[in-house]
Amino acid sequence: QIKPLLKPNSTWLTLGDGRYGTEANYLISKGIDALATDYSDKLLKIGQEIGFINKYQKENAESLTFKDNEFDYVLIKEAFHHFPRPWMALYEAFRVCKKGVILIEPNDQINHKSNILKRFIKNIYYFCKTLKGSKINKDCYSFEEVGNFIYTTNSRELEKFLLGMHYRYIGLIELNDHYVKGVENIDYFDKEILNKSKILLF
């Protein structure tokens with residue numbers, strides 16, 4: 001979805017790109033000058049050593065060490081909800097970019113296009129969980145195993161943030177991204193497993 005923005009030799013910064021610099025690697029494959037950053041540089045260092053990325057830097061997304069407008073674009077892919085103070089990180093992303101910030105994140109499930117039907121279905125879901133003896137989180141708030149709050153957002157919150165910073169343009173593209181536990185361990189070339197699982201990989 002970001003292909004129209006991928007101009008050769010443009011400069012990009014990735015935030016929260018701690019899985020060896022996966023996002024930066026994709027950008028580099030498109031001829032982009034990309035710098036991968038994360039709060040921990042342990043895996044980024046390995047990524048550079050094996051030639052997966054060209055360069056990296058240890059950075060706190062909420063307090064970046066870069067100059068204003070130093071990069072053309074900033075990419076934050078599925079990292080926003082990990083930040084303790086995500087709006088500070090988003091402000092910093094806008095500060096260091098010239099053209100725009102690309103934010104790829106799950107929507108806040110309790111607010112995103114909520115209506116009576118969805119609330120009714122959710123109540124049935126809660127009831128079924130109760131019958132199974134499972135814990136119910138009616139507010140849909142989640143915490144990761146290490147204890148930090150998973151900070152989800154939605155389009156209206158992002159619009160208000162941008163308006164508060166005197167920006168007037170936002171582009172929203174919605175897609176349904178589904179995760180199946182263990183799918184990352186499937187051998188792509190094992191056709192027998194793929195046929196049995198009926199999972200579409202793209």
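**Helix packing and charged contacts in the predicted model**

Residues are numbered from 1 along each chain as its sequence is written, and side-chain values use heavy atoms, with hydrogens and water left out.

The chain comprises 6 helices and 5 strands, taken as DSSP runs numbered from the N terminus (helices: H or I, at least four residues; strands: E, at least two). Their order from the N terminus is β-α-β-α-β-β-α-β-α-α-α. Of the 202 residues in the chain, 30% are buried. Contacts, defined by heavy atoms within 4.5 Å, were also examined by sequence separation: among those with a separation of 6 or more, 54% join residues 24 or more positions apart. The accessible surface of the chain, from the Shrake-Rupley method with a 1.4 Å probe and with only the protein chains shown counting as cover for residues, is about 14300 Å², and carbon and sulfur atoms contribute 55% of this area.

The buried residues of H5 are Leu 158, Phe 161 and Leu 162. They span an arc of only 95 degrees around the axis, which places them on the same side of H5; the arc is that of the directions from the helix axis to the C-beta atoms. These buried residues pack against helix H3 (86–96) and E5. Phe 161, located in helix H5 (residues 155–164), has a relative accessible area of 15% and is therefore buried. Beyond its neighbours within four places in sequence, Phe 161 is in contact with Trp 87, Leu 90, Tyr 91 and Phe 94. The C-alpha atoms of Phe 161 and Tyr 91 are 9.0 Å apart, although the two residues are separated by 70 residues in sequence. At the start of H5, a side-chain oxygen of Asn 154 comes to within 3.2 Å of the backbone nitrogen of Arg 156. His 166, which follows H5, has a positive phi near 65 degrees.

Helix H3 is mostly covered, with 8 of its 11 residues buried. Its buried residues are covered by elements that include strand E1 (11–15), strand E4 (71–77), E5 and H5. Within helix H3, Arg 95 and Glu 92 lie 3 residues apart, about one turn of the helix. In general, an α-helix has 3.6 residues a turn, so residues three or four places apart point the same way. The side chains of Arg 95 and Glu 92 form a salt bridge at 2.8 Å, N to O, and both residues are buried.

In total, 6 salt bridges are found in the whole structure, a salt bridge being a side-chain nitrogen of Lys or Arg within 4 Å of a carboxyl oxygen of Asp or Glu. One of them joins Lys 77 and Glu 23 at 4.0 Å, N to O. This pair links distant parts of the chain, with Lys 77 in strand E4 and Glu 23 in helix H1, 54 residues apart. Glu 23 has a relative accessibility of 9% and is buried, whereas Lys 77 is partly exposed at 25%. Another salt bridge connects Arg 85 with Glu 62, the closest N and O atoms being 2.8 Å apart. This pair likewise links distant parts of the chain: Arg 85 lies in the loop between E4 and H3, and Glu 62 in the loop between strand E3 (56–58) and E4, 23 residues apart. Arg 85 is partly exposed at 47% relative accessibility, while Glu 62, at 8%, is buried.

Glu 105 occupies the loop between strand E5 (97–104) and helix H4 (116–132). Glu 105 is buried but has no salt bridge, the nearest side chain of opposite charge being that of Arg 19, 9.0 Å away; here Lys and Arg count as positive and Asp and Glu as negative, and His and the chain ends are not counted. The side chain of Glu 105 makes a polar contact with the side chain of His 81 at 2.9 Å and reaches the backbone nitrogen of Ala 79 at 3.1 Å. A polar contact is a pair of N or O atoms within 3.5 Å; within protein, one must be able to donate a hydrogen and the other to accept it, and residues adjacent in sequence count only if both atoms are side-chain atoms. Not counting residues up to four places away in sequence, Glu 105 touches Glu 78, Ala 79, Phe 80 and His 81.

Terms used: This is a predicted model: local features need pLDDT of at least 70, side-chain atom pairs count only at pLDDT 80 or more; totals for chains, interfaces and linings use all residues. Buried means under 20% relative accessible area, exposed over 50%, partly exposed in between (1.4 Å probe, protein chains only).
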